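Reader: I would like to go through this model with you, setting each label against the rule behind it. Could we take it step by step?

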Amino acid sequence: MTPELKGFLLVSVLKLLVIFTITMVAVAYMTLMERKVSAWMQNRIGPNRMGYAGLLQPVADGIKNLIKEETFPATSNGALFFIAPCMAFVPALIISSVIPWAAPLPLSFDITLPILGQISHSGTTPIAITDLPVGFLYVLAITSLGVYGIALAGWSSNSKYSLIGGLRAAAQMVSYEVAMGLSVVPVLLLVGNVSFSALVEGQHRTWYIVPLSLGFILFFVSGFAETNRAPFDLPEAESELVAGYHTEYSAFKFSMFFIAEYANVLTSCAMTAALFLGGWDIPFTSWDETPGVLQTLATGIAMALKTSALIFVVMWVRWTLPRFRYDQLMALGWKFMLPVALGYIVVVTGTVYVLQYVVGMSTRGVLLGLGAVSAVLVFLLLVVVDRGILLKGSGPRRTDRPLIAGRLRPASARVDG
């Protein structure tokens, strides 16, 4: 084994340990953040007993889940019942391995250890466990595997409530994966690459939330449904499903589903930041584009702030909006978001062709033109076309008709007075 290969393996192991450790700690403290945000919005205190201002509450919750009694339904499929939480948790964790969390770090060393021998490494090191050239395609592939864990959890429990919850969750996640994938196609068209590092580098001058604002909305909303967050938390709707696909689970296996949910929220918000908010890019400066230790630290903080802001929005929505009915959820995905995403791809490609090859605009002019077109589309969809149908929810409609003796009276049969 060459010294360079040893250095590559050593750096990869160190990145794996650091990034996965930070991710798991962040997921743990997202539970505290959720409880603090909900307490703030409901004018109450929230956890404040364990440690200073409740900072040790996630540790206490973890210990409690580890020592709680495990229950196994007598008629469940034992092997699949045990594997299902792992199948939901592992894909949620390994998605973070391809996201660039900071600017590349210049790292060079040449050392000799007693057992390993000479180890050398030279060059810039991406702050991602692996910088795959097919990074976003990898994310789509791994995300689809999480559906199996949820579906198997419902089926292996041998409970009708769990089975219904698992089926509804699987149908929901599969439905919104389509809209999520299509909403990113305009970004990939502008960059011409599916690597996350290339996607971030392409936004050093203009973040793609400006020219592709509608794509940002579609992707972010699809992320709510993919992570089973309100108002798309139908798989865990206690009023109809007791607790959903994890009804029969307890102790640590029960908590693994929620760890997977928060890990999915973290990676979904990090991907949104990388695709539309410039990733680790610091706005209004090009200083961060020069490799350096300070640049890596500063861009890591910038990426953390962007991801935290999006996580706050996710929690804000969770404690603001009621959940949809299931038919509303599926109709939104298939009848609204899917056609809009397909139409948006056509509009973006047509606009880029006209502005770049017919008008002859520069790259920056094309992006600004796309921004104007996207702003008009957002206004048309959310204000003109919607007209309170989706955004207003289940409020009264102009076509509603009054009840007479328990039956709907036709509009033509109404009599004034």
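Reader: Leaving aside its neighbours within four places in sequence, which residues is leucine 275 in contact with?

Author: This is a predicted model, and in it leucine 275 is in contact, beyond those sequence neighbours, with Phe136, Val184, Val187, Phe196, Leu199, Gln203, Tyr208 and Phe219. Leu275 is also among the residues with the most contacts inside the largest nonpolar core, which has 79 residues. Helix H9, residues 251-276, gives the most to this core, with 13 residues. Apart from it lies another core, of twelve residues, including Val147 and Phe257.

Reader: What makes H7 and H9 roughly antiparallel to each other?

Author: The axes of H7 (residues 213-226) and H9 come within 10 Å and cross at roughly 170°; angles over 145 degrees count as roughly antiparallel, and the two helices are therefore described in that way.

Reader: Which residues make this contact, and of H7 and H9 which belong to each?

Author: From H7 come Gly215, Phe216, Phe219, Phe220 and Gly223, while H9 contributes Ser268, Met271, Thr272, Leu275 and Phe276. These residues divide into six nonpolar, four polar and no charged, with Gly counted among the polar ones.

Reader: Why does the radius of gyration of the protein chain agree with a compact globule?

Author: With 417 residues, a compact globule would have a radius of gyration near 22 Å, and the protein chain has 24 Å, which agrees. The C-alpha trace spans about 95 × 70 × 40 Å along its principal axes, and 45% of the residues count as buried, that is, under 20% relative accessible area.

Key. Residues are numbered from 1 along each chain as its sequence is written. This is a predicted model: local features need pLDDT of at least 70, side-chain atom pairs count only at pLDDT 80 or more; totals for chains, interfaces and linings use all residues. Side-chain values use heavy atoms; hydrogens and water are left out. A nonpolar core is a set of buried Ala, Val, Leu, Ile, Met, Phe, Trp, Tyr and Cys residues joined through side-chain atoms within 4.5 Å. Buried means under 20% relative accessible area, exposed over 50%, partly exposed in between (1.4 Å probe, protein chains only). Helices (H or I, at least four residues) and strands (E, at least two) are DSSP runs, numbered from the N terminus. Contact means heavy atoms within 4.5 Å. Axes are lines fitted to C-alpha atoms, for helices over the stretch in contact, and angles run from 0 to 180 degrees between N-to-C directions. Angles under 35 degrees count as roughly parallel, over 145 as roughly antiparallel, 65 to 115 as roughly perpendicular and the rest as oblique. The radius of gyration is taken over C-alpha atoms; the globule rule is 2.2 Å times the number of residues to the power 0.38.
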